[in-house]
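Colleague: I have the sequence and the model open. Could we go through the helices and the core together?

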Amino acid sequence: MNILILGSGGRESAFAWKLSQSPKCQQLFIAPGNAGTGQYGTNLNIGVNDFAGIKQAVLAHNINLVLVGPEEPLVRGVHDFFLADAELKNIPVIGPQQQGAQLEGSKDFSKQFMARHNIPAAKSETFTRDTVQEGLAYLPTIGLPIVLKADGLAAGKGVLICLTLQEAELELVDMLTNAKFGDASSKVVVEQFLQGIELSVFVLTDGNNYKILPSAKDYKRIGEGDTGLNTGGMGSVSPVPFADAAFLNKVEQRIIIPTIEGLKQEGIPYKGFIFIGLMNCDGDPYMIEYNCRMGDPETESVLPRIESDFVELLLGVAEGNLNEKELVLSGKVAATVVMVAGGYPGEYLKDKVITGMENVRESHVFHAGTGLNDMDEVKTTGGRVLAITSLQDNLFDALQQATADASRIYYDGMYFRKDIGFDLL
């Protein structure tokens, strides 16, 4: 098979690494990819939202399957674009159509979906520019801290946790009347803050059947001890020690099954990944959010623990017989340390040459924000630069190895957290 991956981050690097191991994968293409994905296939200089360019590439390279990494092309309808095109409609796309992608594309849609299907979640209400006064009146009724979420996609920056009522009032007005996050905050979900420990559970579904992939926990804050600004993610671990069989059974019964059944009842076709962001509140799972794709950097910890042929699983999604496919998971523990550019998540340094990757011993180096310079040296291009993942017998060894291997790599302004996962030991 010839397979095309859309995307250019650490998640897509991990997908490329995993798919390239399958005997079913003849040729692998990544659009646009990065300096690391080129090790596993051919990078194509096409943006993920350039649907016409994607069509040309699919036809030129006889692509048999498309795996969509990031959320934006899904929310914009790349899957629908394929189905509506006579030349593309028989080529399977892994990732939901636009309607299903609304689970991530609209926080208001997803909260209403949870309510309709009795999925346990934080109490919330949605407000618009016209109902800002009602929103201000609602704020004092749900306790502190108060969570404000821009309804639409805001590149991971549309969620604010306000510690005081005054802060929440100012931010709500800023989001709704001053368009703090552009069109994304034309609606704002005001939500109760859940106390507990966060984790993610990933589900692969063909719309009828599903497989529960390994659980993971990511670390979003830039500073050690979970301090400082929120980022796209500074590291992850899989599995999550406190997500035992009893807890995961609650997740399946209370959240996963009602989600899959709810999509079917509402006639929403869904072929792809469902990322379920959860809070463990005293042993009970509560929904925080859905994503319509795999998380990053969780993918870099989850995929190394999947021992089965990943192409086979994706074919099960495409063909609607996922229940007949085998999912074999490693009993080992994966830890991922994300290396970022100096200044991230603010204005960060770019075009710094990366050295020392050949010194990494027992970890996978997944590229995220990397490219090649004129001399074919690997350079930094993004805020999150590399994800270093180690798979070991226990969490302590995995964390130690990933951290040690990250230390063997160098570029100007390099930074990574040395405490990822240590709260779980």
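Predicted model: local features only at pLDDT ≥ 70, side-chain atom pairs only at ≥ 80, totals over all residues.

Colleague: Changing topic: at what angle do helix 1 and helix 11 pack?

Modeller: Helix 1 (residues 10-19) and helix 11 (residues 310-319) pack at about 105 degrees, and their axes are 8 Å apart. Angles of 65 to 115 degrees count as roughly perpendicular, so these two helices are roughly perpendicular to each other.

Colleague: Which residues make that contact?

Modeller: Helix 1 contributes Phe15, Lys18 and Leu19, while helix 11 contributes Phe310, Val311 and Leu314. Of the residues in this contact, 5 are nonpolar, 1 is charged and none is polar.

Colleague: How many residues are in the largest nonpolar core?

Modeller: The largest nonpolar core has 92 residues, and Leu4, Val66 and Phe273 have the most contacts inside it. Leaving aside residues up to four places away in sequence, Val66 touches Leu4, Leu6, Val58, Phe82, Ile91, Pro92, Val93 and Ile94. Another core, of 19 residues, lies apart from it and includes Tyr138, Leu160, Leu172 and Phe181.

Colleague: Now helix 12. How far apart are its end C-alpha atoms?

Modeller: They are 16 Å apart. The expected span is 1.5 Å times one less than the number of residues, so the 12 residues of helix 12 (residues 395-406) should span 16 Å, which agrees.

Colleague: Is Thr403 buried or exposed?

Modeller: Thr403, which lies in helix 12, is buried, because its relative accessible area is 16% and the cut-off is under 20%. Thr403 touches Val337, Phe416 and Lys418, not counting residues up to four places away in sequence.

Colleague: What covers the buried residues of helix 12?

Modeller: The cover includes strand 13 (227-238), strand 16 (333-340) and strand 20 (384-392). Among the buried residues of helix 12 are Leu395, Ala398, Leu399 and Gln401.

Notes: Residues numbered from 1 in each chain as written. Heavy atoms only, no water. Axes fitted to C-alpha atoms, helices over the stretch in contact; angles between N-to-C directions. Helix = DSSP H or I, 4+ residues; strand = E, 2+ residues; numbered from the N terminus. Parallel < 35°, antiparallel > 145°, perpendicular 65-115°, else oblique. Contact = heavy atoms within 4.5 Å. Nonpolar A, V, L, I, M, F, W, Y, C, P; charged D, E, K, R; others polar. Core = buried A, V, L, I, M, F, W, Y, C linked by side-chain atoms within 4.5 Å. Buried < 20%, exposed > 50% of the residue type's maximum accessible area, 1.4 Å probe, protein only.
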